[in-house]
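Subject: A structure for you to explore

Hello,

I am handing over the structure we talked about, and my notes follow below it. Please keep the 3D view open while you read, and take your time with each part.

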Amino acid sequence: MAAACPTTAEVTEALLELDSKSDLKGTLAQISICGAREIDIGGKKATVVLVPVPQWRTLQRVHSRLVRELEKKFSRHVVFLAQRRILAKPTRRSRQKQLRPRSRTLTHVHESILGDLVYPAEVVGRRTRVKLDGSSLIKVHLDKSQQTNVEHKLDTFTTVYKKLTGKDVSFEFPTQQE
C-alpha cells in the first residue's frame, strides 16, 4: 500500500484503523475527511488530506501524533489542510444578495492555507519580495520553537503551497538578534 497513491478511501481506512488501535480513540471518530491528493515533490510524493473547516480545531489537538502515524503507514509526508472555499468577487452582473464574507476571499483563503500547512509551527513574519522581472517571492518566517518538528518538511510545504495557490514561497526560521 505504501507504493501506491493513498486515495481518500485508503486514508479513511487508515484513520479508522488508528482509531481502533491507538490512544487516539474517540477523537478520530469525530473527524471526517473531504478528500486526499497526491503531490509530486521532486521524485518523492506527499499526501494532502482535506478536512472540513469546522473539524479543523478538533484535528489540531491530535495533529502531530496523527501525522506521525500516517507518515509511518504510507512512508511519505502527510499534510492536513482545511477545505476552504473562495467566492468570486462581486461584480455588477452578478446577482448576489449578501456580502461576501472575508473568510471566503482569495487573500484570506491563501493566508489560511499557509497557516494550516505549517501547523504546529506558526507564521511569525512574512515578506513579499518583488524581483526586477516582476515575479514575486513570499518569504515566510516560522516560529523558531518548532524548528525541529517541521524543518525536514520545508520542501514539501513549498511545493504543496505552489501547487494549491500558484504562488512561490520560501520558508525560513529567523535568527535571534539581541
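(Helices are DSSP runs of H or I with at least four residues, strands are DSSP runs of E with at least two, and both are numbered from the N terminus.) Threonine 8 is partly exposed, with a relative accessible area of 30%. Here buried means under 20% relative accessible area, exposed means over 50%, and partly exposed is in between, using a 1.4 Å probe and protein chains only. Leaving aside residues up to four places away in sequence, threonine 8 touches Ile33, Gly35 and Ala36; a contact means heavy atoms within 4.5 Å. The C-alpha atoms of threonine 8 and arginine 37 are separated by 7.8 Å, although the two are 29 residues apart along the chain.

A word on the source before going further. This is a predicted model, in which local features need pLDDT of at least 70 and side-chain atom pairs count only at pLDDT 80 or more, while totals for chains, interfaces and linings use all residues. Residues are numbered from 1 along each chain as its sequence is written, and side-chain values use heavy atoms, with hydrogens and water left out.

**The overall picture**

The protein has five helices and six strands, and along the sequence they follow the pattern α-β-β-α-β-α-β-β-α-α-β. Its C-alpha atoms fill a box of roughly 50 × 50 × 35 Å, taken along the principal axes. Of the 178 residues, 39% are buried. Among contacts between residues at least 6 apart in sequence, 60% join residues at least 24 apart.

**Helix α1**

Helix α1 covers residues 8–21, which is 14 residues, and reaches 20 Å from its first C-alpha to its last, close to the 20 Å expected at 1.5 Å a residue. (That expected span is 1.5 Å times one less than the number of residues.) Which residues of α1 are buried? They are Val11, Ala14, Leu15, Leu18 and Asp19. These cover an arc of only 140° around the axis, which puts them on the same side of α1; the arc is that of the directions from the helix axis to the C-beta atoms. The face turned away from this buried side carries the exposed residues Ala9, Leu16 and Lys21. Covering the buried residues of α1 are elements including β1 (35–41), β2 (44–52) and α2 (56–74).

**Strands and a crossover**

β2 and β3 pair in the parallel sense over seven bridges; strands count as paired if DSSP finds at least two bridges between them. One example to look for is valine 48, whose bridge partner in β3 is valine 79. Between these two strands the chain crosses from β2 through α2 to β3, and this β-α-β crossover is right-handed. (Right-handed means that, with the strands pointing away from the viewer, the path from the first strand over the helix to the second runs clockwise.) Six of the seven residues of β3 are buried, so β3 is largely enclosed by the rest of the structure.

β5 and β6 also pair in the parallel sense, over four bridges, and the partner of isoleucine 138 in β6 is valine 169. β6 has a covered face, Val169 and Phe171, and an uncovered one, Ser170 and Glu172.

**The cores**

In soluble globular proteins, nonpolar side chains tend to be buried together. A nonpolar core here is a set of buried Ala, Val, Leu, Ile, Met, Phe, Trp, Tyr and Cys residues joined through side-chain atoms within 4.5 Å. The largest core has 24 residues, of which Leu81, Leu117, Val140, Leu142, Phe157 and Phe171 touch the most other members. A second, separate core of 20 residues includes Ala36, Val51, Val67 and Leu70.

**Two details in the loops**

A cis peptide bond joins tyrosine 119 and proline 120, with omega about 15°, and proline 120 lies in the loop between α3 and β4. Serine 75, in the loop between α2 and β3, has a phi near 50°, a positive value in a residue other than glycine. Serine 75 is exposed, with a relative accessible area of 53%.

Happy exploring!

How values were computed: The expected span of a helix is 1.5 Å times one less than its number of residues.
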